[in-house]
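Student: I am new to this structure and would like to go through it with you. Could we begin with a term that will be needed for the helices?
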Amino acid sequence: MPQHDWLEKDFYKILGVSDDVDEKELTKAYRKLARKYHPDANPNDTSAEEKFKEVSEAYDVLGDPDRRREYDELRKYGASGGFSGGNPFGAGQAGGPGGFSFDTGNLSDILGDLFGAGRRGGRPGPGTGPRRGDDLEAELTLSFQEAVSGVTTSVHLTSDAACSTCKGSGSAPGSNPERCPQCDGRGVLDDDQGFFSLSQPCPRCSGRGRIITTPCPTCRASGIERKQRQVKVRIPAGVKDGQRIRLKGRGAPGRNNGPAGDLYVIVKVGVHTVFGRAGENLTIEVPVTFAEATLGAKVTVPTLDGPTVTLKLPPATPSGKTFRVKGKGVTTNGNIGDLLVTVVVDIPTELSEEQRSAVEALAAATPRSPREHLLETP
């Protein structure tokens, strides 16, 4: 994030701390919010994901002592009107000391010189130093059983990766990048202008601070190559369809020795022929005969993990009634769901003579229609 955008955000407020918070309490506040809004804890919640990024951005600045000092200095200038409107010396003034004026189109450069690469001895400014790699996404299809039980597997993807020949250095094996002699490895050249020190990317090294004298033949000095790769991933028990699993540092490689991005694995869960799922509970429909539903019976019910259970149906059980078998559902984060068994009375489509006679006898012994109350006049 460019320094000139820092004035638009109150990173202390985002982390819920005061501007004099010490490093320990700052880290504690960040970790608490990161756990709360982490994508793994809030699957498919875009607002939580944005909040997580906002919290991470705030800590990225405040957690670095040098960047925090620059941020505090910049807020002090902004609050005092030092860079108000189109004039860095305050609204209403035609110019700064000595009567010279400023071109506000280069305000970001001025701020960068004051608080970044333009200051002698400062660290490289945005775009010249290490840059984090992009986050990637990959889909992984699991069977119903694998999603419930958990599994260790691999995802296959084609993406940028650190060059296998030069290990990401950009230099041919046996050689190393050299410090740029023109900028002395800083990536920028200074042009002192009295009170200000303006800077620009070094033209010789393109702002990298180093020069590759013998380029890698595979990646041609980029340090990156496009290739297929397998990434091992452990899927926790109870993962849901559509859930995102974050693999830190397994995304695209960083630039200029920056850290790699993250890989987000999106889980697709297949359908089971017998079982369904409702949160942490498994569901199953079990057909029963008319006699079993009417007279009561003991019914054997399968479970996903193997052993069967015996369900005792009371007499006069209606079709569609659901029974709960404790502890036979999905285990997620230490919580165990139940097995929800819904009984459905099976109506035969073909009857033998003996069955037909029995049904006819039952009909004859049941003179009252269950629909009589619908025909009664109020």
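Tutor: A crossing of two helices is called left-handed if the near helix is turned anticlockwise from the far one by less than a right angle, and right-handed if it is turned clockwise. Please keep in mind that this is a predicted model.

Student: Which hand does the crossing of α2 and α3 have, left or right?
Tutor: Helices α2 and α3 cross in the left-handed sense.

Student: At what angle do the axes of these two helices cross, and within what distance do they come?
Tutor: The axis of α2, residues 23–37, and that of α3, residues 46–62, cross at roughly 160° and come within 9 Å. Angles over 145 degrees count as roughly antiparallel, and α2 and α3 are therefore roughly antiparallel to each other.

Student: Which residues make the contact?
Tutor: From α2, the contact is made by Leu26, Thr27, Tyr30, Leu33, Ala34 and Tyr37. From α3, the residues are Ala48, Glu49, Lys51, Phe52, Val55, Ser56, Tyr59 and Leu62.

Student: And how many of them are nonpolar, polar or charged?
Tutor: The contact of α2 with α3 has 10 nonpolar residues, two polar ones and two charged ones.

Student: Changing topic, how many aromatic pairs are found in the whole structure?
Tutor: The search finds three. One of them joins Phe11 and Tyr71, in a tilted arrangement with 4.9 Å from centre to centre and 35° between the planes.

Student: Why does the pair tie together parts that are apart in sequence?
Tutor: Phe11 belongs to helix α1, residues 11–15, while Tyr71 belongs to helix α4, residues 65–79, so the pair links parts that are 60 residues apart in sequence.

Student: Now the sheets. In what order do the strands of the three-strand sheet come?
Tutor: The order is β1-β9-β8, in an open sheet with mixed pairing. Its edge strands are β1 (136–142) and β8 (244–247), each of which pairs on one side only. From one strand to the next, the twist averages 30°.

Student: In what sense do β8 and β9 pair?
Tutor: Strand β8 pairs with β9, residues 263–269, in the antiparallel sense, over four bridges. Within this pairing, Arg244 has Ile266 of β9 as its bridge partner.

Student: What does Glu137 touch?
Tutor: Glu137, which is found in strand β1, touches Arg244, Leu263, Tyr264 and Ile266, leaving aside residues up to four places away in sequence. The C-alpha atoms of Glu137 and Asp262 are separated by 8.6 Å, although these residues are 125 residues apart along the chain.

Student: And the four-strand sheet: which strands are at its edges?
Tutor: This open sheet has the order β10-β11-β17-β14 and mixed pairing. The edge strands are β10 (276–278) and β14 (322–325). On average, neighbouring strands are turned by 35° against each other, direction ignored.

Student: How many bridges join β14 to β17?
Tutor: Four bridges join β14 to β17, residues 339–345, and the two strands run antiparallel. Thr322 stands opposite Thr342 in β17.

Terms used: Residues are numbered from 1 along each chain as its sequence is written. This is a predicted model: local features need pLDDT of at least 70, side-chain atom pairs count only at pLDDT 80 or more; totals for chains, interfaces and linings use all residues. Side-chain values use heavy atoms; hydrogens and water are left out. Axes are lines fitted to C-alpha atoms, for helices over the stretch in contact, and angles run from 0 to 180 degrees between N-to-C directions. Angles under 35 degrees count as roughly parallel, over 145 as roughly antiparallel, 65 to 115 as roughly perpendicular and the rest as oblique. Contact means heavy atoms within 4.5 Å. Ala, Val, Leu, Ile, Met, Phe, Trp, Tyr, Cys and Pro count as nonpolar, Asp, Glu, Lys and Arg as charged, and the others, Gly among them, as polar. Two strands pair if DSSP finds at least two bridges between them. Rings of Phe, Tyr and Trp (its six-membered ring) pair if their centres lie within 6.5 Å; planes under 30 degrees apart count as stacked, over 60 as edge-to-face and the rest as tilted.
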